[in-house]
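I opened the model to look up a few local features and wrote down each one as I went. The entries below follow the order in which I took them up.

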Amino acid sequence: MQCSFRQLKEKSLSTEVTQMQWNPKMDLLALANTQGEVWLHRLNWQRVWTLSPPTGATEGQGVTGLAWRPDGQVLGVGYQSGQVVLCDVEKAEVLHTSTLSHPVSCMTWQEAEEKHSGVPASPAHADQSSSPASSPTASQDTAADFLPRLTPLPKGYSATDKANSEEEVVEDNKRLSSQTRLNILVVGDEVGSIYLLAYGLFSMGQLAPEEHPQAKGGRLLSVTLSSDLQCLSAVVQHQASADTSQPEHTVCLTTYNTSLLATRSQELATLGMKYGQIATILGYMENTLRSMSEAWEDILLEMDNKLAKFAETIDSKDPDWQVSDEFLQLLMWGKASPELQSFLLNTLTEKGLKKLGLSIDNSYSNIEKLVLNHLQRAGQALLFHLSELKGLSLWYDKYGMLGLNTQAVQEAWSCAGSFMLKANELLQVIDNSMKNFKAFFRWVYAVMLRLAGEQVPSEVSKMSQKDLAFVAEFLQENLTQETPSPGRPKRFNLEKVGQYLNKKDEDLPFPQDLSKIPWETFMQSSTYLKGSELLFPHHQKKSLYQVFNITKTAVDSALEGPAAVIGKSFNCLGSLPLYSMVKREDSQHKRLPVLPMSQFSGGEPRHVFTLVIPDQDTRSRILVIRHPTQLHSELLVMEGAWLKVGGQLGEQETKRCSSHKILDVSYYDEGTLALLLQEGEGECCPVLALLPLMALDDCGFAVLEVLQTFPLTATVASIGDRVGLCMYDVGHQITQYRYLENADPGVMAVGGERKVGAVLYGHQRRLRLFDMNAEEEGDSDEDISDNDMQDLNETT
């Protein structure tokens, strides 16, 4: 028995696993279970972290796709809800979330070749007249030179928190600093739409099936982009009509020409980086606003309620007399009415006044620090990047023709400026409120001491003319009663900061009086300045949160143009029917086979697709399709051959069976195909095997199809009906394999760069881990520890 792989672990799982994906650079295995969780395990089965389902996810909306970024630092997770979440490899931290219109059905993450990667050149060697593939990006060399560094938001006051904050680089929140080559996350959904996300963030292309009549919509089983960005291929499952005489599903291979991605890869890399920087800033600003909302205290609402009850007492005595009149009389004549005296000593109390003053001071001070140290810096950075983006949009030959609209970017820039104006307005309100509150509370405190017959400290009793003006201003602006609406009690203008943190689409109850601002008066009176694009508009009745949401929407609108333009540029070359799945009642045939696709590097750039083609009853063969990614004419010539695995593997002296069924197939590395086989007869033992792709050179590939744009019809023969394709037995080419005794395997996951593999059992509750680069030590075929056996018994 040939044994080329060493089994490391056999572990039972607490929940059924639906997806597995090895990290391309580290010995880490990501697993998704039926509860919507994602686990990350080391090779020794140590749990690194657990990612919970997204907020609002319901039962049945689990994980439908996993894909690692080529450098292994970010994991992409697709959900049935349509969300695509990017997660950091070091901790279960969500870096970015994209929401699609339909459920995700498949994902793959492709890195562009060096000549199409958009690698930024150093400024010293940059040639502005160079080709797009070698010209530097605009965003990576200048931002750090002009912008102040964003500081981490305060999380606590412990030494550990401060140490972590110093090490954290806010600008690299999307983990883009290490990216030197363009990589694209390709996502397919249940209705046939394909999304291309640069660095997993920026929507650089969206392909809708209705835009290509020759490519019918349907559930995407697999989608792959060539590394030279010239070709996009998708395996689509089309739903047949309700006619029961027709097959239930028709599976087709649809191919698109995506040469625009290759010719504009540098520009797309620049836009992707710029979007990552802008998205990082917007996320930072949103977190700052959240911290400001948490810092705001509603203690003034309690005082507002007390004043409302006091107002009712006054109204019962004299309807024309108001609360502000009571305090003004006290300020002018130093005499309090019995009602006011009772309110100050019994309702408000000295202790309550001190608590109120301390709370307001702490709350307003924290909000002010967040605006000055975090929000304003982020706003300046956002304006800087949007200004650069506007400059790029004016370069029509490179960026404008990709759909980057100057007017939309200008609108986003203006909205960002409006946000900065609103933040400055909030600072002015905080400053004025703190001065007035301090003067008012000190005056009221002195009055309460005199009414109580206590000694008033000299520092409290002293009132300058300026302090009196602050108190009078407070009484006029804050203690003036609003006209009550039907069914609502009277309220006062005590608190003006909290209204700026309101998320609801409501006007500010106490907007700033612009007539007192000289610049606003001058601008409105000037014919030339009024309505100028150089001046930021001022949303007088909007809250800070509302203006931020307006800015965020404007930024999204400014950057959505390239996705539509590039998606429409894709040319569908045609659809090749592969096979049909007949409707069956038994569950064995309800599940479609796995259809992995990848690319094969050798000589001329080629796409190689390996598809498990069922012959209705068994999965006994593999179709390998080859075609060049770069078109030299309007036609695309596909060639293909059938492969099967016979009963003899490698140098076995005798056959164990006549043939093997194919349970799963995947790429181990660029030169090797991994197969999970099941003996058709005899000992009926599953086999994990590696097939060198060099063995395909001995196969005689025949022309499979000459694709050009034509509609898919039911009369087009599927692959199974084609003649002229030869069947080749590649069993003798397999020299590395291992028989899996006492196993009922379902699917596998392999990582050729790290030489690791995992086989998941058919019931999805147990798996085996393998070192694919070492032979088994000793005579035992199993490596099950006592703890593992206990886990197995508990699972059983």
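I began with lysine 496, which is buried because its relative accessible area is 18% (buried means under 20%, exposed over 50% and partly exposed in between, with a 1.4 Å probe and protein chains only). The model is a predicted one, so I kept in mind that local features need pLDDT of at least 70, that side-chain atom pairs count only at pLDDT 80 or more, and that totals for chains, interfaces and linings use all residues. Residues are numbered from 1 along each chain as its sequence is written, and side-chain values use heavy atoms, with hydrogens and water left out.

I located lysine 496 in the loop between α11 (465–478) and α12 (518–525); helices here are DSSP runs of H or I with at least four residues, strands are runs of E with at least two, and both are numbered from the N terminus. Setting aside neighbours within four places in sequence, I found lysine 496 in contact with Tyr364, Val429, Glu477 and Phe510, where contact means heavy atoms within 4.5 Å.

Next I turned to the helices. Helix α9 (residues 406–451) packs with helix α13 (residues 544–558) at an angle of about 165°, and their axes lie 8 Å apart; axes are lines fitted to C-alpha atoms, for helices over the stretch in contact, and angles run from 0 to 180 degrees between N-to-C directions. The two helices, α9 and α13, are therefore roughly antiparallel, a label given to angles over 145 degrees. Among the residues that meet are Ala408, Cys415 and Phe419 from α9, and Leu544, Phe548 and Ala554 from α13.

I then looked at the strands, which pair if DSSP finds at least two bridges between them. An open sheet of four strands runs in the order β1-β30-β29-β28 with antiparallel pairing. Each of β1 (6–12) and β28 (745–751) stands at an edge with a single partner strand, so one side of each is left without a neighbour in the sheet. From one strand to the next, the twist averages 20°. I noted six bridges between β1 and the antiparallel strand β30 (residues 766–771), with glutamine 7 standing opposite phenylalanine 770 of β30.

My last entry concerns strand β22 (residues 660–669) and strand β23 (residues 672–679), which run antiparallel and are joined by eight bridges. A hairpin leads from β22 to β23 through two residues, and aspartate 664 has leucine 676 in β23 as its bridge partner.

Note on methods
Parallel < 35°, antiparallel > 145°, perpendicular 65-115°, else oblique.
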